[in-house]
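Colleague: Please take a close look at one part of this protein for me. I would like to hear about the aromatic rings and how they pair.

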Amino acid sequence: LSESGVPQLVQPMIWDYTADLDVEDKVHLIEKYRRCGFSKVWFASAFKGATGVNQSLTLIGHHLKNHLQWLQVASSCPPDVLEGIALTGWQRYDHFSVLCELLPVAIPSLAVCLQALENGGFSEKTKENVEKLLGMSNLEIETYMR
């Protein structure tokens, strides 16, 4: 890869939507990319649509945990390696599948994930900020919103 010149033309994106992604494994993967000559990498997470082909509601806690794990990966890497994070929101698993987790039910998850990334973590204060922004009295993280 180094000799091909590809690392000067592209930036790899590392995709992982799991709530328990292996932080150490991702750090090692980034180190491998750096040794090949890639100076920057991107991360890809999801705020909805990555937990089941027929999922109707968004479990915020799953996506929040994923973002908190990505923050751990970012803090374990050299500060100049991360170019950005693509916060995805999948609508369907393929073009023949039904739609899943429509945007309106996932907006609280989007707000939580964005605030976690913006604040470098998630606290009770961050939760209160999201509730205020969305006009909600009780944001449910570990259960499905009612």
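**Aromatic pairs**

Modeller: Along the sequence, the protein runs in the pattern β-α-β-α-β-α-α. That makes four helices and three strands. Keep in mind that this is a predicted model. Buried residues make up 37% of the 146 residues.

Now to the rings. Searching the whole structure turns up four aromatic pairs. Take tryptophan 15 and tyrosine 17 to begin with. Their pair is edge-to-face, with 6.3 Å centre to centre and 85° between the planes. Why edge-to-face? Because planes over 60 degrees apart count that way. Tryptophan 15 is partly exposed, at 45% relative accessibility. Ring pairs also bring in Trp90, so that Trp15, Tyr17 and Trp90 are linked into a cluster.

Another pair joins phenylalanine 43 and tryptophan 70. Phenylalanine 43 belongs to strand 2 (residues 41–48), while tryptophan 70 belongs to helix 2 (residues 60–75). The two parts are 27 residues apart in sequence, so the pair ties them together.

Are these two residues buried or exposed? Phenylalanine 43 is buried, with a relative accessible area of 2%. Tryptophan 70 is buried as well, at 1%. Both values count as buried because the cut-off is under 20%.

Contacts across the sequence also show up in the whole protein. Of its contacts with a separation of 6 or more, 75% are between residues 24 or more positions apart.

Note on methods
Residues numbered from 1 in each chain as written. Predicted model: local features only at pLDDT ≥ 70, side-chain atom pairs only at ≥ 80, totals over all residues. Heavy atoms only, no water. Buried < 20%, exposed > 50% of the residue type's maximum accessible area, 1.4 Å probe, protein only. Contact = heavy atoms within 4.5 Å. Phe/Tyr/Trp six-rings, centres within 6.5 Å; stacked < 30°, edge-to-face > 60°.
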